[in-house]
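Trainee: Please take a close look at one part of this model, the interface between the chains, and describe with care what it is made of.

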Amino acid sequence: MKRTILFGGLGFLFSQVAGAGEVMLWHSYRAAEQQALEKTVRDFNTSHNDIKIKTLFVPYDAYLDKITAAIPHGHGPDIFIVAHDRIGGWADSGHIAPIDEFVKSAVRNRFFQKTVEPLIYRQKLYGLPTSFKSVALFYNRLLVKEPPADTDRMIELALAAREKKTSDGQNIYGLVWEHSDLYFHSGFLFGFGGRIFDERGEPVLDSAENAAAVSFVYRLVGELKLAPEDVTSIKVTSLFNAGRAAMVINGPWFRGEIDAGRVDYGVALLPQISRSGRRLMPFVGSEAILLSARASNPAEAYTAMEWLTGDEPAKVRMIEGLQPVANIAAYQDPRVKNDPILQAFREQLKHAVPMPNTPEMQLVWVPMNHALVNAITGRATAEQALREAQLRVSQQLTSFREGRKYQQQGEGRGEFLRALAWALVLLLVLALATGVVFFRRLKELLRQAWAERSAYAYIAPAMLAIGLLVFVPFAVGVGLSFFRHYQGEYYFVGLKNFIDILASREYSVTDPFSFYYKLFITLVWTATNVFIHLVTGLGLALLLKDPLMKLRRLYRVLLIIPWAIPNYITAIIWRGMFDADEGVINHLLGIEGFSWWNNTFTAFLANLVTNCWLGFPFMMVVSLGALQSIPQELYEAAEVDGAGRWHRFRHITLPLLKPALFPAAILGCIWTFNMFNVIYLVSRGAPNGSTDILVIEAFRWAFERGERYGYAAAYSTLIFIILLIYTLITNRVSRATEGAFE
Amino acid sequence: MAEVRLRAVGKSFGKVSVVRDVNLHIADGEFVVLVGPSGCGKTTTLRMIAGLEEVTSGDILIDGRRVNDVHPKDRDIAMVFQSYALYPHMTVRENMAFGLKMRKLPREEIEQRVEEAARILDLAALLERKPRELSGGQRQRVAMGRAIVRQPKVFLFDEPLSNLDAKLRVQMRAEIARLHQRLSATIIYVTHDQVEAMTLADRIVVMEAGQVQQVGRPLEVFEHPANRFVAGFIGSPSMNFLPCLLEQGKVRGDGFVLELCSEHKEKLANHSGRVFLGLRPNHIELKASAPGIEAQAEVSEPMGTETYVHLRVGEQLVTVRADSPLVVKAGEKFWLQPDMTRAHLFDAESGKALL
């Protein structure tokens, strides 16, 4: 208390001088939650003269990356609301600071123990919880009168619901949830007695209990077809809102997405497993306000933090934002006592497992999700799938811990900048040396440049822009590839990254994660795409140039549309069209329920179709232009010479199109080689990353496998070298076909 | 080699009629030139013969066979285009061989024909070059070579010399004439240049506004034009036309009266009315003093071998050919004495020749 007054007073004084007194709060709340939060912030600001909180909403998809990137550079938040699971990593990398020195036990006791535990890492407390989130069972009261107490009953209800149809004749799913996401699967995993890490912190993903949980889920989805095989969070929401999902396993945020007018719903505890009597126990995560290690005024920041997690603001968030807050007292409020939903989540908290906050946990998600997909779609048994996940996670862990080795050797601090400085010096020396050796030519060059200086003045802005936007990032990227990134620091490893990639150290050559497999698939991807683009584009151009086609102009416009729509939108739409149960394509082909993502070939095909739809207009436009530049007389001469349509095409059209199509094909190859959006958004690499191309693999190394920025940079550099060689070769060849026309 | 017959051939694009009622008979081995100003329908007629345009009405027969619906490649014709239409990505040899390859001739025969044509046209040294490495004249010869190797029944030339410079044109004209002699081929040739027509043709077909104005041997057409248009088109510089009134064997013009020669008087004994008097520049003598038609000189064109003087007679401009070296001052007065035995008379309304 005394401290607060002291710091508050100082803060007041300093705020006049330093212009401080402002605490920046970042969050990614939407809808009701956001409004409730803003209300509490406004309340804080009116009641405090010396400190003002400013909020910034960052959309969730970019949120975590933004935090990780912004804080070390000093333009991140002072405090931010986030789920707890990154705490370990951020603590290690110095993004967040512990708050032990500020916190009194009275404050700690406001909250449920289980919500504070996840915020402790290596015996230090890093934040104050705002709410907790775990999944529970949502049910549609129209289809489920009483929530099931055990799994047998749940299955019974689900099967019964499946027999019914909605008022407009659509089918109903018994139990819908994101079954192939470990977060939502956790209830089953822990309910069946499984574990993720053992006491030593080693992964034990392939235990018998885990397999039992996965088999159980396979029974629900793969055999009984209670849920669609291909589920996204948006699908869950839209199915529930359309009355097509009897039960849903989802978290408190789901309340904000339910259309309460359409669906009469309730929330209950997840049931017990009939056979063992154990309850399904999902992950519980704390959402907390964390303190940035670079906060300009930690004391002020903490004051804001503590106030926002007070009992009264918590009630606001609970009642208006529908958040299950972490404050015990809030649940005594009469308004809350009679809200069965909030009480349900509070109950579930008793049967929930805190999600680990260690950096090692980050490596578990993707392999486990792959395992779930594989097992549920029947590509592998539960045991096989989990064994593969265990293998992958172990591999990742080993290489991740290698990074820790570097950290412990302590060579890291500031080394990247030092290396950059050295590189610049080296470049300068090289430039000077070149200047000296080629002095005369240099003088000539400079003299000419000076004579043409006004020309250079015109292009100077563009040169500057290209320099800053292309060359500088490029140089930094290449430089990065000689380093290993671990927990915020860069350690020099020389060519190790390149050697690891090219010698396929971590994966055998035929493993889908190896560089060579990715290279192979990228080449196949490029070749098939460009070929189809050319053939389709040219074919359509030949059809359109016929002057007898009256609606020529209309067709041209229609056919350019694929090109005009941003390609990530197209990708998302096509993915929807390929959906196994609801998608238009399966419907037209009569193969409802067939999942395109199950099998490398069909997933590749789906990507191919989407990208061809995107790519042919370019070739068509180029071909049309080139076709129109071929003089009609040549065709007449050929006609008189006796050439039929095919011969005219082969001997006149094709050779004369080459000068135009060749550059187009070369460009098309480069663009397709690096086509990130389509594959990332359509097949998403399914199954198991086997349709990912090189550039996506680089991305995943950077952002999904423990922040291996150096490795990813090395990958990117290799991609660049491949494309550079390709360009040089094609330049040579294209010069040979230049000037077919006079 | 074969004869070509056009019977009442017409061509329309929708409502617009560009060729009307063309009747022609081209004998085997004959060199016929279709000549006329731009837009007269000569190229369209040629293209109809080639099969590159559909015939709207009438029949075209090649060697007695009606070919209206026959594809160009089956008509056994070869065409030389105005802009040569050489295949830019093929060598000269390949260009010439292309048509034969399409007809699946055996390789030795193709080579033999190409070599032969190259020899005739002096292209032997250029066989491996691409069109862009050739001059205009060389390209034209390649285009001709491409036609020759086909050994067709009929050669069609579409203004082949229009893209060449004046000197080259003269050279190539001679080449084409030589070619005709050598191959004894039936040639149908289109041009807007009446000099080419006069020098190359066995017979000329003068066309205007889609219709045939006159068909005949060059000299015949020159000396006995069927109507005013032909008279004005053939011959360079063109014939002078003076509007007159014809009565009783005399023509009365703007400021002059001329007596017809006795032969003409007889023919036109009962004629009277408005006419055009046609006199070629070389059928008028320039005299320094009367008698004659008074005229004032405006411009003179010394050509070296002769001088063309443009004089004003009343409202008209008259061109007269005089022997060099005549020095003429603007405004100088002269008296013109036309040779009335060489006079032409055209009905003022219909344009038809009265003599």
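**The interface of chain A and chain B**

Mentor: Between chain B and chain A there are 2 salt bridges, a salt bridge being a side-chain nitrogen of Lys or Arg within 4 Å of a carboxyl oxygen of Asp or Glu. The model is a predicted one, in which local features need pLDDT of at least 70 and side-chain atom pairs count only at pLDDT 80 or more, while totals for chains, interfaces and linings use all residues. Residues are numbered from 1 along each chain as its sequence is written, chains are lettered from A and ligands numbered from 1 in the order in which they are written, and side-chain values use heavy atoms, with hydrogens and water left out.

One salt bridge is formed by the side chains of A:Glu636 and B:Arg47, with an N to O distance of 2.6 Å. Polar contacts (N or O atoms within 3.5 Å, one able to donate a hydrogen and the other to accept it) link 8 residue pairs between chain B and chain A, both residues of each pair being at pLDDT 80 or more.

On the side of chain B that touches chain A, at least two residues each come from strand S6 (77–80), helix H2 (92–102) and helix H4 (136–148) of chain B, where helices (H or I, at least four residues) and strands (E, at least two) are DSSP runs numbered from the N terminus. Of the elements of chain B, H2(B) gives the most to this side, with 4 residues. Sorted by class, the side of chain B that touches chain A holds 14 nonpolar, 5 polar and 8 charged residues, with Ala, Val, Leu, Ile, Met, Phe, Trp, Tyr, Cys and Pro counted as nonpolar, Asp, Glu, Lys and Arg as charged, and the others, Gly among them, as polar.

Counted over both partners, the contact (heavy atoms within 4.5 Å) draws 27 residues from chain B and 19 residues from chain A. In terms of area, the two chains bury about 2000 Å² between them, 60% of it on carbon and sulfur atoms; buried area is the accessible area (1.4 Å probe) that two parts lose on being put together, summed over both. Of the area that chain B buries against chain A, B:Pro88, B:His89 and B:Met102 supply 26%, more than any other three residues.

Definitions and conventions
A polar contact is a pair of N or O atoms within 3.5 Å; within protein, one must be able to donate a hydrogen and the other to accept it, and residues adjacent in sequence count only if both atoms are side-chain atoms.
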